[in-house]
Amino acid sequence: MSGKIIRNAVALMAVIVYCSCSKTSGVRLDDPSKTPPADTSTVPENRVDRSALLQLVNGLRSRGCNCGTDKMPPVGQLVWNGLLERAAYDHSKDMTLNHYFDHNSPGGSTPGTRLDAAGYSWTYYGENIAAGSLDEQAVVLGWLNSPKHCHNMMDPVFTEIGVGRYNSNWTMELGKRSSAK
């Protein structure tokens, strides 16, 4: 492993934050006919290597890994979702432009409200954030070496992923859509 990746991962450990939430049945009553299909479109201004991110995270998920002291079994693959990517990119940009680093913005938005605003009808979501001069491998490694972030990436409930980076701020959104009943 290169010294640059190790230095970046160590620097990242001081600035990564984790969040995972769910909605209970009955809290959100979406019209299934209005639930859009999985969106694989991309955010043109988002400068991430989507393929590398999917390969890195799905590689972990397919093999299983240790999240701190917890042995995580292999879980299903994630698919890229453009709505999650949009929410992730917008949050990274907002953190940069408004000089904060948190899941909750000074303006009051939360991960759930940002996913709603992007049009992602969610049942579960997880959000990881990071800051630093990192590439895709370094940011995923940093999240892997943080037990809560690792648990987010290995959670079998999640089926979709989107990652956004603006300058040195990164946001990973993981989600499971509301199902039609």
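## Salt bridges

A salt bridge is defined here as a side-chain nitrogen of Lys or Arg within 4 Å of a carboxyl oxygen of Asp or Glu. This is a predicted model, in which local features need pLDDT of at least 70 and side-chain atom pairs count only at pLDDT 80 or more, while totals for chains, interfaces and linings use all residues. Residues are numbered from 1 along each chain as its sequence is written, and side-chain values use heavy atoms, with hydrogens and water left out.

Under the salt-bridge rule the count is 5. Glu45, Arg86 and Asp90 are linked in a network of these contacts. Arginine 86 meets glutamate 45 at 3.0 Å, N to O. This pair links distant parts of the chain, with arginine 86 in helix α3 and glutamate 45 in the loop between β1 (17-22) and α2 (50-63), 41 residues apart. Arginine 86 also bridges to aspartate 90, where the closest N and O atoms are 2.9 Å apart. Both of these residues lie in helix α3, 4 residues apart, about one turn of the helix.

Accessibility is classed by relative accessible area: buried is under 20%, exposed is over 50%, and partly exposed is in between (1.4 Å probe, protein chains only). Arginine 86 is partly exposed at 27%, as are glutamate 45 at 33% and aspartate 90 at 35%. Another salt bridge joins glutamate 160 and arginine 177, with the closest N and O atoms 3.3 Å apart. Glutamate 160 lies in strand β6 and arginine 177 in strand β7, so the pair ties together parts that are 17 residues apart in sequence. Glutamate 160 is buried at 5%, and arginine 177 is buried at 13%.

## Chain overview

The chain has 6 helices and 7 strands, taken as DSSP runs (helices: H or I, at least four residues; strands: E, at least two) numbered from the N terminus. Along the sequence the pattern is α-β-α-β-β-β-α-α-β-α-α-β-β.

Of the 181 residues, 47% count as buried. The chain exposes about 8700 Å², with carbon and sulfur atoms supplying 54% of it; the areas come from the Shrake-Rupley method with a 1.4 Å probe, and for residues only the protein chains shown count as cover. Among contacts (heavy atoms within 4.5 Å) between residues at least 6 apart in sequence, 77% join residues at least 24 apart.

## Aromatic pairs

Rings of Phe, Tyr and Trp (its six-membered ring) pair if their centres lie within 6.5 Å; planes under 30 degrees apart count as stacked, over 60 as edge-to-face and the rest as tilted. The whole structure contains 2 aromatic pairs. Tyrosine 89 and tyrosine 166 have ring centres 5.9 Å apart and planes at 75°, so they are edge-to-face. Because tyrosine 89 lies in helix α3 and tyrosine 166 in strand β6, the pair ties together parts that are 77 residues apart in sequence. Tyrosine 89 is buried at 4% relative accessibility, whereas tyrosine 166 is partly exposed at 22%.

Tryptophan 122 and tyrosine 125 also pair edge-to-face, at 4.7 Å centre to centre and 85° between the planes. Both tryptophan 122 and tyrosine 125 are buried.

## Positive phi angles

Most residues other than glycine have a negative phi. Histidine 99 has a positive phi of about 55°. Histidine 99 sits in the loop between α3 (82-97) and α4 (111-118) and is exposed at 73% relative accessibility.

Asparagine 167 likewise has a positive phi, of about 55°. Asparagine 167 is in the loop between β6 (160-166) and β7 (169-177), and its 53% relative accessibility makes it exposed.
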